[in-house]
Amino acid sequence: MGFWSLFLVASEPIVEVLLIGLLGAYLASAYSNVLIPSARRDMNKVVFSVFTPSLMFASLAKTVTFEEIISWWFMPINIGITFLVGGVLGWIVVKILGPPRHLQGLVIATSCAGNLGNLLLIIIPAVCEENGNPFGDQQICSARGLSYVSFSMALGGFYIWTYAYSLMRNDGKTYHGSQSQSNGSTEADRTGSCINEGANLVEEDDQEFSTNQENILLSIQVAENQIELPLLSSGNLQGKRVSFWHKMKETLHKIVDELLAPPTIGAIAGFVVGAIPWLKSLFVGASAPLRVFEDSIKLLGEGTVPCITLILGGNLTQGLRKSQIKPVVVFAILCVRFAILPAFGIAVVKAAYELGFVPYDPLYRYVLMIQFTVPPAMNIGTMAQLFDVGQEECSVILMWTYVVAAIALTIWSTIFMWILS
């Protein structure tokens with residue numbers, strides 16, 4: 001196929017995302033006021049808890065086999081490389097441009113954590129359904145593409161809710177710590193001014209306060225300080241002794257929480273059913289006794305893509321607010337995500353293929369390449385709301401990255417398909 005034909009194939013899914021996203025933005029605007037923030041939160045909960053797990057289970061249970069799961073071993077490494085390279089580049093951006101301390105984790109997180117699930121759920125099936133796609137039969141391509149995307153979503157969610165989560169949590173601690181210190185200094189200044197005013201009144205009212213009484217009060221204060229200092233020092237020593245096992249327990253607790261997230265449970269259940277033949281025969285197939293359950297789950301999963309796209313368009317309207325992020329920082333993130341990472345991804349996937357780490361399947365290699373090209377994960381906005389830090393700045397970054405992604409994804413997707421065809 002020619003480059004222009006591939007460009008048309010790659011552009012149509014992006015145009016679909018833009019059209020539905022614009023509808024979501026209109027529904028979230030003051031003109032319609034349908035997708036208000038509370039409605040988007042409730043809708044997002046339904047998508048997270050019901051629709052996405054259903055789609056992941058239905059797609060994985062139908063197409064995945066145990067042999068294929070083993071052959072996909074490079075995908076978690078590939079996603080790890082995207083986080084590693086993006087994190088290093090984000091750290092360089094932070095060191096060069098120097099954003100505020102409570103936004104440094106946000107810059108690194110948006111540089112390394114890509115939308116490895118929701119957006120691919122829209123793009124990959126849409127590319128497969130185009131007549132001129134270079135990946136073969138439409139139905140087979142769509143089914144296998146959904147399996148790759150489900151695996152990508154499960155792995156990406158694990159990376160995002162561990163590494164990016166820790167970055168945003170540290171930003172929240174930094175921000176609220178500085179806020180409490182500034183509030184404390186303000187209160188101290190107010191208290192000091194009140195004490196000075198009271199002292200002046202005492203001096204005016206009682207000029208004859210004896211020196212002996214002052215010495216008695218001073219000796220009492222010294223005695224109190226001698227009692228308090230050992231207690232404070234021992235408390236600091238105990239505070240500095242951070243248990244290694246306590247840190248390990250917190251890390252394991254976060255990992256378990258991620259594994260118990262509904263999308264991850266849906267993916268794990270789909271892998272189990274797909275990998276075990278007798279379980280697969282119970283749910284999948286024309287003569288499967290539990291086929292009605294698989295059909296019902298598939299029907300629920302079909303609501304994932306339109307709901308996600310509407311929510312995406314509605315959430316991006318928050319990026320019109322004012323923020324403390326500098327335009328040059330946003331431009332640097334755009335360069336990282338849509339210039340450096342995609343070029344690096346081509347080199348990584350081609351090297352892995354030449355070394356025999358990746359199977360021949362062009363669609364699988366296309367998914368690996370496009371994992372380097374997607375805009376930042378929308379979950380980062382959820383984390384910003386969770387820790388109440390950088391919400392306006394996060395909205396600005398997400399808005400511009402998703403606007404530019406409409407062009408960048410089309411161009412890079414065309415290049416990827418041209419390389420693989």
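Biologist: Is Cys-128 buried or exposed?
Modeller: Keep in mind that this is a predicted model. In it, Cys-128 has 1% relative accessibility, so Cys-128 counts as buried.

Biologist: OK, and which residue does Cys-128 pair with in a disulfide?
Modeller: That would be Cys-141, with an S to S distance of 2.0 Å. The pair links distant parts of the chain, 13 residues apart: Cys-128 sits in helix H6 (residues 118-128) and Cys-141 in helix H7 (residues 138-205).

Biologist: What about Cys-141, buried or exposed?
Modeller: Buried, because its relative accessible area is 2%, and under 20% counts as buried.

Biologist: Why is the disulfide left-handed?
Modeller: The torsion about the S-S bond of Cys-128 and Cys-141 is about -60°, so the disulfide gets that label.

Biologist: Switching to helices: how do the axes of H5 and H14 cross?
Modeller: The axes of H5 (residues 104-112) and H14 (residues 327-354) come within 9 Å and cross at roughly 25°. That makes the two helices roughly parallel, and the crossing is right-handed.

Biologist: Which residues make the contact?
Modeller: From H5, Val-107, Thr-110, Ser-111 and Cys-112; from H14, Val-329, Ile-333, Val-336, Arg-337 and Leu-341. They divide into six nonpolar, two polar and one charged.

Biologist: Cys-112 again a cysteine! Buried or exposed?
Modeller: Cys-112 counts as buried, at 1% relative accessibility.

Biologist: And Cys-394, buried or exposed?
Modeller: Cys-394 is buried too, with a relative accessible area of 2%.

Terms used:
Residues numbered from 1 in each chain as written. Predicted model: local features only at pLDDT ≥ 70, side-chain atom pairs only at ≥ 80, totals over all residues. Heavy atoms only, no water. Disulfide = S-S within 2.5 Å. Helix = DSSP H or I, 4+ residues; strand = E, 2+ residues; numbered from the N terminus. Buried < 20%, exposed > 50% of the residue type's maximum accessible area, 1.4 Å probe, protein only. Axes fitted to C-alpha atoms, helices over the stretch in contact; angles between N-to-C directions. Parallel < 35°, antiparallel > 145°, perpendicular 65-115°, else oblique. Left-handed = near helix turned anticlockwise from the far one by under 90°. Contact = heavy atoms within 4.5 Å. Nonpolar A, V, L, I, M, F, W, Y, C, P; charged D, E, K, R; others polar.
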